[in-house]
Amino acid sequence: MLPVGVAYGSEPEKVRKLLADIAVSHEKVLGDPPPRVVIDTLGDNAINLNLLCFLGDVNQRMTVRSDLYFAIIKALDEAGISIPYPQRELWLHDARMPQAAKDL
């Protein structure tokens, strides 16, 4: 299972096809059962998907996982689909400032 997050506004079906095609094209990913892509959650910052695929040799897991991630990053970039990162807004409050100055 490879978790992948994409930005809101991305077309989920387009992302599903892209991820599945990448998995199918890897020589060490089994065709039966075929790779699947499912939406896991609608997170705070991303649509979180999982790419599910099986390997003939579990000892190749880390190498295949890395290969797939390299291919996913490249394909998403070429398709104009962004991988979001968390953004937070920070408000600072100075408790030492007198109320009269705050009202100005």
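## Report on a predicted chain of 104 residues

The protein chain has a radius of gyration of 21 Å, whereas a compact globule of 104 residues would have one near 13 Å. This radius is taken over C-alpha atoms, and the globule rule is 2.2 Å times the number of residues to the power 0.38. The model is predicted, so local features need pLDDT of at least 70 and side-chain atom pairs count only at pLDDT 80 or more, while totals for chains, interfaces and linings use all residues. Residues are numbered from 1 along each chain as its sequence is written, and side-chain values use heavy atoms, with hydrogens and water left out.

Along its principal axes, the C-alpha trace spans about 70 × 30 × 20 Å. The chain holds three helices and three strands, in the order β-α-β-β-α-α from the N terminus. Helices (H or I, at least four residues) and strands (E, at least two) are DSSP runs, numbered from the N terminus.

Of the 104 residues, 27% are buried. Buried means under 20% relative accessible area, exposed over 50%, and partly exposed in between (1.4 Å probe, protein chains only). Contact means heavy atoms within 4.5 Å. Among contacts between residues at least 6 apart in sequence, 68% join residues at least 24 apart.

| Residue | Element | Relative accessible area |
|---|---|---|
| Ile 22 | helix α1 (residues 12-25) | 12% |
| Asn 50 | strand β3 (residues 47-52) | 9% |

Leaving aside neighbours within four places in sequence, Ile 22 is in contact with Leu 68, Ala 71, Ile 72 and Ala 75. Ile 22 and Pro 35 are 13 residues apart in sequence, and their C-alpha atoms are 9.5 Å apart in space. Asn 50, not counting residues up to four places away in sequence, touches Met 1, Leu 2, Pro 3, Arg 36, Val 37, Val 38 and Asp 40.

The largest pocket contains about 180 Å³ of space. On a 1 Å grid over the protein atoms alone, a pocket is an open set of points with protein on both sides within 12 Å along at least five of seven lines, and lining residues have an atom within 4 Å of a point. The volume is the space filled by probe spheres set on the points.

Residues lining the largest pocket include Met 1, Leu 2, Cys 53 and Asp 57. Helix α2 (residues 61-78) gives the most to this lining, with four residues. The lining divides into seven nonpolar, no polar and three charged residues. Ala, Val, Leu, Ile, Met, Phe, Trp, Tyr, Cys and Pro count as nonpolar, Asp, Glu, Lys and Arg as charged, and the others, Gly among them, as polar.

Key:
On a 1 Å grid over the protein atoms alone, a cavity is a set of points where a 1.4 Å probe fits but cannot get out, and a pocket is an open set with protein on both sides within 12 Å along at least five of seven lines; lining residues have an atom within 4 Å of a point.
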